[in-house]
Amino acid sequence: MNAIFNYASGILKGIYSLASGMSVTLKEFFIKKVTEQYPENRATLHISDRFRGQLVMPHDENNEHACTACGICSMNCPNGTIQVISKMIEPTVEGGKPKKALDTYIYDLGLCTFCNLCVITCPSDAIKFENTFENSMFTRSKLVETLNQEGSKLREKIK
Amino acid sequence: MFDFSTLTSGFDQFLRGAMPEFWALTIEFVLVGVILLTLYAVLALILIYFERKICAAFQCRIGPNRVGIWGVFQSIADMIKILLKEIIPINHTDKFLFYLAPFFVIAASFMTFGAIPFGKGLQVFDFNIGVFYLLAVSSLGVIGILLAGWSSNNKYSMIGAMRSGAQLISYELSAGLSMLTVVVLAGTMQLSTIVENQHNTWYLFQGHISTVIAFVVYLIAGHAETNRGPFDLPEAESELTAGYHTEYSGIQFGFYYLAEYMNMFVIAAIATTVFLGGWMPFHITGFDGFNTIMDYIPSPIWFFAKAFVMMFISLWVRWTFPRLRIDQLLNLEWKYLLPINMVNLLLMVILVLFGWIL
């Protein structure tokens, strides 16, 4: 008798579990689809802020950045992606020392692995990663960018 | 309701009047063959598109949407691609059987088209053993599968073919017995009579719980016969690369692909004809106005609508459940479906004997 009961309950349990599985897929059938139709939806496309697409150096409205040309980012980069070229500028006050300042900050996107080490180690938070991802070019040389803008200078520390 | 047999018999009269009987018959045979082949190919294209869209929706995707509006020309593009592909000759195969096998598979699924009533008067052959013929012919495909596995000279193909053979022979029993349940209820095997008998109520409702059980069992067994998931272990990709059609390429592979989809249609069409009234519109006894409105919808539309609902259920099952193991597969058949079917057949005999049917 027990065997017959087990047989019947096994069938009913099986039917119940199959039906619950099918109800899950039926719900999935009607929910909104997750596919992103990329080139058409560029206007509404949402890319996470944490996505690392491209290294940038933020400049404020006075065309000033925070880079002191210390070169720590360049030293930490595993691929030699960053090249910091510095220059010496004349002292602004009488009798002062000449200061080291940023001349050109060269970033090669084609070598970058987007590991974020440069941003982490920067002592003055001068650089960051942006989520722009449409970086493809026809030649590798176009991937080499200068991050500091023309005529920009170091932001003075607020005392 | 428009009867298509007036059209066909009128054409027959015209041909017989214009030429001797031999030539009239020859022209009719060729025409029927061409029409059925076209229907077969077009249906396969529609089915492949249908499956890809439904499968995408179950996986929360959109599916093909680049070729034509909503991607409707995707399967046509795929067909052109597969026709242009090279057939790679394989060394160390049994050449004759290797090239013969795809034709067995495709002929088996094509031959069922001769007996399926697509609409009122739209039936090529009206046998008095129609159900028997459908079952016999639709299970011929296993010969092609076994030949393909054997002649490929490949262990994966061989294992796939053997599994397919075990599976088809087992599930053919359940499909046959559930059909037999309906034959007991109908008292005939002639498909046209079976459809006519469902004028007021479909067989699904006529035999109370008994036909519902037979219907579910037939759907499971039929689904297993088409070698599609969750019963797709003859072509289990993760274990057997592609099973019995591993060594095939180009249009030969296309034949297997086509036959798989058309078998799905054939199973849906048989289930529609036998349980859901075929081309017969949905009638409720007593609601005469409703019944007349239903009669205005042409019979082929009824048939194909029901068949596509059946195929949707088949796809729903396919994209829900994981693949069975071979022992689970045979357990399901021999320990569950077959005993249930036997008891169900007995129940149906009792119902019919006492006249407890709608």
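At what angle do helix α7 (residues 155–186) of chain B and helix α10 (residues 208–225) of chain B pack, and how far apart are their axes? Before selecting them, note that this is a predicted model, in which local features need pLDDT of at least 70 and side-chain atom pairs count only at pLDDT 80 or more, while totals for chains, interfaces and linings use all residues. Residues are numbered from 1 along each chain as its sequence is written, and chains are lettered from A and ligands numbered from 1 in the order in which they are written.

**First stop: α7 and α10 of chain B**

Select residues 155–186 and 208–225 of chain B, and you will have two helices that pack at an angle of about 150°, with their axes 8 Å apart. Axes here are lines fitted to C-alpha atoms, for helices over the stretch in contact, and angles run from 0 to 180 degrees between N-to-C directions. Helices (H or I, at least four residues) and strands (E, at least two) are DSSP runs, numbered from the N terminus. The angle means that α7(B) and α10(B) are roughly antiparallel to each other, in a scheme where angles under 35 degrees count as roughly parallel, over 145 as roughly antiparallel, 65 to 115 as roughly perpendicular and the rest as oblique. Their crossing is left-handed, a label used if the near helix is turned anticlockwise from the far one by less than a right angle, with right-handed used if clockwise.

To see the contact between these two helices, show side chains including L168(B), Y171(B), A175(B) and M179(B) on α7(B), and A214(B), V217(B) and Y218(B) among those on α10(B); two residues are in contact if their C-beta atoms, placed from the backbone, lie within 7 Å. Sorted by class, the residues of the contact of α7(B) with α10(B) comprise 11 nonpolar, seven polar and two charged, where Ala, Val, Leu, Ile, Met, Phe, Trp, Tyr, Cys and Pro count as nonpolar, Asp, Glu, Lys and Arg as charged, and the others, Gly among them, as polar.

**Second stop: from α10 to α12**

On the α12(B) side, look for I267(B), A271(B) and F275(B), which meet residues of α10(B) including F215(B), L219(B) and H223(B). The contact of α10(B) with α12(B) has six nonpolar, three polar and one charged residues.

Next, select helix α4 (residues 95–111) of chain B together with helix α6 (residues 141–151) of chain B, whose axes lie 7 Å apart at an angle of about 160°. This makes α4(B) roughly antiparallel to α6(B), and the crossing of α4(B) past α6(B) is left-handed. Among the residues that meet here are F98(B), P102(B) and F104(B) from α4(B), and I145(B), L147(B) and W150(B) from α6(B). The contact of α4(B) with α6(B) divides into 13 nonpolar, four polar and no charged residues.

Zoom out to the whole of chain B, which has 15 helices and zero strands. Its C-alpha atoms fill a box of roughly 65 × 60 × 45 Å, taken along the principal axes.

Now move to chain A, with three helices and seven strands, arranged along the sequence as α-β-β-α-β-β-α-β-β-β. Select strand β3 (residues 82–89) of chain A and strand β4 (residues 99–108) of chain A, which run antiparallel and are joined by eight bridges; two strands pair if DSSP finds at least two bridges between them. Within this pair, M88(A) stands opposite K100(A).

Together, the three strands form an open sheet in the order β3-β4-β6 of chain A. Because β3 and β6 of chain A stand at the edges with a single partner strand each, one side of each is left without a neighbour in the sheet. The twist averages 25° from one strand to the next.

Finally, display the C-alpha atoms of chain A, which fill a box of roughly 105 × 40 × 30 Å along the principal axes.
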